[in-house]
Amino acid sequence: MPVIAERDNLTISYDWMVNGTQVSHASQQMIEIWQRKKRFSNNDFIESALYCSVMYGGLDDIDVLKALYQWLLGEREIYQLQVPATDELPGSGIDHESLALILLSIDDDNYGCSHTQGHTSGDISDTSLQRYVEYIPDDMTLCFLYALKDKKLKKEGVKSFETIINEICKKLKLQNKDKSKPHLSQLIKYADYHWRQMKGGDIDTALAIVRQGRIKTTGLTTNKLINYNQEVFKSNPQPLTWSELFVASYSGSDKKSTNSRDYPSFSKNLIKEVQDALKGSKASAIIQVELLQQELTQPNAMRLLGWVKSLLNDSNNRLDTISKYLGCIGRDWLMLTMDEELDEWSDEDFEAVYEEIIQSKIKDGRKQSILNKDTDFNEDNLDKDDDLAIYADDVLSQGSLNVLNNEHLSKNKVSYLDKLKDTQKFTYGRLRAFHDYQRAHYNAPFVYFPWGNKRQVVNANMISPRIYHAMKEYLVNSDLDDAQKNLCLVVLSLAYRTGLRIKELIGVKVSDIADIYLDEHGQRIEQPQIWLRPNRYRRLKSSSASRLIPINCLLKKDELEQFTQLYRQQKRLKRRYLFSQGSGDQPLPSVVFSNLMKLIWDRLLGEHDFTFHSFRHTAISQQALVLSNSPLAQVMTDYDNEQCGRVIEGILGYHKYQGTWFGLASLAGHLTCDTTFEHYIHTAHLLAGERLSNACLELPITVLELITGLDYSIIYRQDKTAYDATTKTVQLDKIRSYFLKKIAVNRTPLFKNIDEPNSNAIQQLLNRNLNGFNESNINSIFIHPKYADVIGFLEELQKLSINSRDEMLPETAIRHGINLTEAQSMYHRARKIFDDDRLLLGRPRGSENQATLIRALNRAYQMSINNPDQLKLFIKIFILKQNLKPASIHFGIKQEQLQLLLDFMAVGCQLIDSSQWQIRASSKQAVIDLKKSLRIDKQVRIGSRQNFHGYDVRVIEKKRKRSDKNMAKTDNYDASSGVLRYLGYLLMVLVEF
């Protein structure tokens, strides 16, 4: 088959050189035109401001330029911000420089932020999105803006935008063949030849492309940017407690399926099996899909297979069409919903998954990838290869890509039809049809679909350093114990600094952390890095989709110490996951991580639209400033110069051949920089404007006086070095601060945090932890207050042989931070409880049961301090009624037995939510009568147990019938969770009375 040879588009072409030279030379001609004028009219000022914005400000995006034109006809609000001076002179007393800032918004049908904060039930396909651009005007433009400061402009007396551009081109003898298409004029098309070569204006290719609008990116909304780092917090927020983190207030359920699989291969093989079945007849395909439905009971697979079957039942659908539908969304759907209880998902959960699938189609027909680096592969194959399929937050690192390309890229050839079909518009339609099926058959919630017709909706958010430090302070002052505070602080710092997704953070294993060790000379080395690799709690696209996170440079000193301390503690306790308690075999449930952030934001800020994913937007946007070595990093992040240097060295040290933007994309897990710019970097326009603001621009003093009315004396008083007597020109950057004092609407510079963060409380917490501080146990009846350490201590002893336990007990106790007397007491109590070699029961399975257990233990500890008699009563009744075999407690029908049941339930409902308790009797009516007579909590569930005499009390969980061997009568049923039995025996060990 013949191969069509194509020539690469050159960044610098012959036409660009020739036409750009003409445009650049015309700049001097424009100054001469100004010099010959006797006075400037309003139209002249607007024309000149637009011209300078194009030639010196780099504003070559026609939509942004039109927005600036509309801004000139409006209120013309200019803000000022201050950044550290890059060329501070010794003894000058000037340590900062001022920049002007104009906030522009552009209506865009296909890209930007949604107008609405909430979700609407209507179709918004016709509603425009908004793209936000922060324009830092150049010093030339600023002169004309100063001249316009007191002028009232009437739209009727101002020329149209197209007319202004056309007249400029005529004056300078530049081509503009079509007046109605100013973006094709020689001026706008080739102006970058001039501003990219201005002295001092050091702007790289990527930012130049952003400035020209060839790759779209959006800043923060106007209100968010103005209030960034100057937010107002609520006074006296409610303290945070550990137990409320486990209440699934808004997050999807995190229940794990018992039928675990290797999901990358499972999703691939399932799609392949169905597509193979679709190659035959429709009847055989239906039979094969039904067989797969019986074999694969995972909720996500059941829904996908059900959708395929419904398509097969429609005679209008061809088999090859159904195959393409399935191939478009099938694998991504299975990967992003693995092990999830979809019945409990909210609309937000579905939207997050659909957005990731939509964003995976980067070849969406809008444009070719703009930012490329040298490669020997065919890029199209990268996008379509099954093992290298990418999505918006793809975690496939550049290093992994280089390893995989030789063995994958030559295998699969992409047909033109497949390439045509794999677009965002096509994917949008398939997802919408798939969700309509779920709404009809699974009662799925309504989902807001903003992505139709290639629309890209960006949730632009950045968490300011002021909010971040307020969150840290709130955690330190919360009601959590020191170990819980330290864990939460590490979660917060990692999310804020690295931008890890919530699943990536949850799945961090202790073994994933490298470079913390003792060297051969006994010196402690602490340069931690996290190696992201796939595991059952962390979704990665394939087994090779991994990357290295150099947290040794991303975390600040105190944060690094807290992280290292947590790592050493978890390693000492032999826990598998970094963010875990007890034995550490599984991490804390995801609801803890999401609720932690949501509760803090709710109590500090009130109304907000932050989500956990906002940390990712924040980290990438801030790192864009840091890696570019921009002075904006000093005002928009809390890094100092020294820390910024370490970040640059740490991140770009691995990507020095790819450059800043590919280094940032690799850190984020993106294959191309386009995704990073379009969805996550919200500081690109600020950065580009700051770069161009360093350009050395001069105007003849006569022209400057004609435009602004400033004479030599005013200029001299402002800066004695601004005027050059040799050339009779004025250096405009030296009088920029004078202009801003007169025209800026804000007195306090943007991004300036008026409250310096106070880290004393955090440092005191850290010192207590590092010094082995143990909280007082005087008021608690617990033998040892840290029940998680007790669980780990007993489980480790239980693994040893009976003969070696007494010998290893002191060493094991020290490792778990328990003094010897307490350890011996709990060990002997555990031995008396069990008549075999056990010291503790096996923990209940499932993250939901784990959350219930942790919440109950935390409440029990609080009760041991505030109301110890109630806790003792609960344990005494449990001892009286306990039995190792059943997971429930049995009570008789006599009055004294009913009183015991009432006392037990009164305390039990304080430890475990009432809705998780169930009372059973021979009939449900008997339980109803009992609840009425004893006034037991209404939320306690009822049940029946045939031929049972008395009352059976248990803590239940929802289960689903998986096979015919299960004797349950219904597909969904209640079963004993084992939490009650485990909790009761553990409290027997922990409490001495």
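## Burial and overall composition

Of the 993 residues of the protein chain in this predicted model, 56% count as buried. The accessible surface of the chain amounts to about 44,500 Å², and carbon and sulfur atoms contribute 47% of that area.

The secondary structure of the protein chain consists of 42 helices and 16 strands. Among contacts with a separation of 6 or more, 73% are between residues 24 or more positions apart.

In general, strands of a sheet pair through backbone hydrogen bonds, in either a parallel or an antiparallel manner.

Strand 9 and strand 11 (residues 729–731) run antiparallel and are joined by three bridges. Pro700 has Thr729, in strand 11, as its bridge partner.

Which residues of helix 31 are buried? They are Ile701, Val703, Leu704, Ile707 and Thr708. Viewed down the axis of helix 31, these buried residues fall within an arc of 160°, and therefore they line one face of the helix. Just after helix 31 comes Gly709, which adopts a positive phi of about 85°.

Definitions and conventions:
Residues numbered from 1 in each chain as written. Predicted model: local features only at pLDDT ≥ 70, side-chain atom pairs only at ≥ 80, totals over all residues. Heavy atoms only, no water. Helix = DSSP H or I, 4+ residues; strand = E, 2+ residues; numbered from the N terminus. Buried < 20%, exposed > 50% of the residue type's maximum accessible area, 1.4 Å probe, protein only. Contact = heavy atoms within 4.5 Å. Areas by Shrake-Rupley, 256 points an atom, 1.4 Å probe, with all protein chains shown as cover. Pairing = 2+ DSSP bridges. Arc of directions from axis to C-beta.
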